[in-house]
Amino acid sequence: MMDPKPEPVFLSFLVLCFISVLILVNVEADYVRPPPRKDLHFPWSLKPSSHPQQVHISLAGDNHMRITWITDDKSAPSLVEYGTSPGRYTSVAQGESTSYDYMLYSSGTIHHTVIGPLEHGTVYFYRCGGDGEEFQLKTPPAQFPITFAVAGDLGQTGWTKSTLEHIDQCKYDVHLLPGDLSYANYVQRRWDTFGELVQPLASARPWMVTEGNHEKEYIPFIKDGFQSYNARWKMPYEESGSSSNLYYSFEVSGIHLIMLGSYTDYDEYSDQYRWLKADLSKVDRKKTPWLVVLFHVPWYNSNKAHQGEGDQMMAAMEPLLYAASVDLVFAGHVHAYERSKRVNNGRSDRCGAVHITIGDGGNGEGLAHKYKNPQPEWSEFREASFGHGELKMVNSTHAFWSWHRNDDDEPVRSDQIWITSLVSSGCVAEKGYELRKMLLAP
Ligand SMILES: *[C@@H]1O[C@H](CO)[C@@H](O)[C@H](O)[C@H]1NC(C)=O
Ligand SMILES: [Fe+2]
């Protein structure tokens, strides 16, 4: 009677342990989102007026790089001296300059100078306008492997700073930005501070960007859209046969990348659509086995933010991109991260593209927390956190994608996946006829 049974005590102990483990696991799984951070403060700096500011570079056709910088001095020359050892410039290139006025604001002189031909995978040292400090850049490799850093909707807050620091820690060749750069929101001075903020990274690796809604800065009857963006972030549209800086393409190390515009006409009678068809007809999947597309407003988005905003563009352009066997699509706009399975027409499809929304660079508007439930069948991973992505194209058939959440200032790899190309899965060959028919249609 008095003999206590050990079993129930032991059992309750086990149950207690089990509960504590559950609580611990839950704390781990229930990620506590960090609070928003303030806009960065930029002190005025006193530099000579011919001193180059806001230096950034972009790919400009085969083996060429465009160097962009701003001077307060209107007569500063648009020349770039460069070479492969520090302080010894063996080549000089002359470029062009522009400027713009926006209400009461007058921009500095914006210089664009194309240098090249350049060697692949090589470090170059350069100086802008014969003045100021020396910069260095690295050209992308001739072939695989190549790594892209991807982050959209950057802005200029404490979180932007932490995203940029994490990108700086990774070894990458080219930065891809699917729209919403400075969040200047009509205050032109903030385009200048954004230029200063990104200079350490953007002067060293090419930044390839496409426009978002925050680039528009349109004022009815007074200002056309994209004036500051087009003047400051000139991309290789002429080099890729486009008539607009708002859509263009480029090739790098076995990848053909197409930058589309979510805020310019995209219907089948539009100039953008015609250009897209012409551009796709030039793609040679033997030379560039990977086909990647970027634009701002996502087509596959299960976040409640910006729901349905990409539907019209998707209806107009997805059939063409599907026929062309696009491997990957990156978008921004929604301030969160989401990755789809291979999808087409709203359903998973082995020959469709993987769609990744990565509008979580760190802007001051904060994160988009609310998701539609249940999670759609095509959606594989979604999370509202700031962060950046890394896309390593390993060879013609395999790419490794990872997304790194900014967790307490540490870049934490939170999502990762191997992606195999549509060339290797046979889709490109299967759809060759369909594509040719679409490209030839008037
Ligand atoms: C491509 O890379 C993957 C992953 O590292 C590897 O398994 C595969 O064998 C490689 N293919 C070729 C053709 O080198
Ligand atoms: Fe946006």
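This is a predicted model: local features need pLDDT of at least 70, side-chain atom pairs count only at pLDDT 80 or more; totals for chains, interfaces and linings use all residues.
1. Buried means 20 or more other C-beta atoms within 10 Å of the residue's own, exposed means 12 or fewer, and partly exposed is in between, with C-beta atoms placed from the backbone. At least three core residues come from each of domain 1 (51-139) and domain 2 (142-440), with bounds from an automatic or database domain assignment.

2. Housekeeping, quickly. Residues are numbered from 1 along each chain as its sequence is written, and chains are lettered from A and ligands numbered from 1 in the order in which they are written. Local features need pLDDT of at least 70 and side-chain atom pairs count only at pLDDT 80 or more, while totals for chains, interfaces and linings use all residues.

3. UniProt, in an unreviewed entry, puts "domain: Calcineurin-like phosphoesterase" at residues 147-337; such annotations may be inferred rather than shown by experiment, and feature names are shortened. That stretch is 29% helix and 16% strand, and its end C-alpha atoms sit 19 Å apart. Helices (H or I, at least four residues) and strands (E, at least two) are DSSP runs, numbered from the N terminus.

4. Now look at strand β11 (residues 146-150), where 4 of the 5 residues are buried. β11 pairs with strand β22 (residues 387-393) in the antiparallel sense over 5 bridges, pairing being at least two DSSP bridges, and F148 stands opposite L391. β11 also runs parallel to strand β12 (residues 174-177), with 3 bridges; there V150 faces L176.

5. Which residues does F330 touch, beyond its neighbours within four places in sequence? They are V150, L176, P178, L294, I356 and I358, a contact being C-beta atoms, placed from the backbone, within 7 Å.

6. Last, P411, in strand β24 (residues 410-420). P411 counts as buried because 21 other C-beta atoms lie within 10 Å. Setting aside neighbours within four places in sequence, P411 is in contact with H166, Q169, H404 and N406.

Methods: Two residues are in contact if their C-beta atoms, placed from the backbone, lie within 7 Å.
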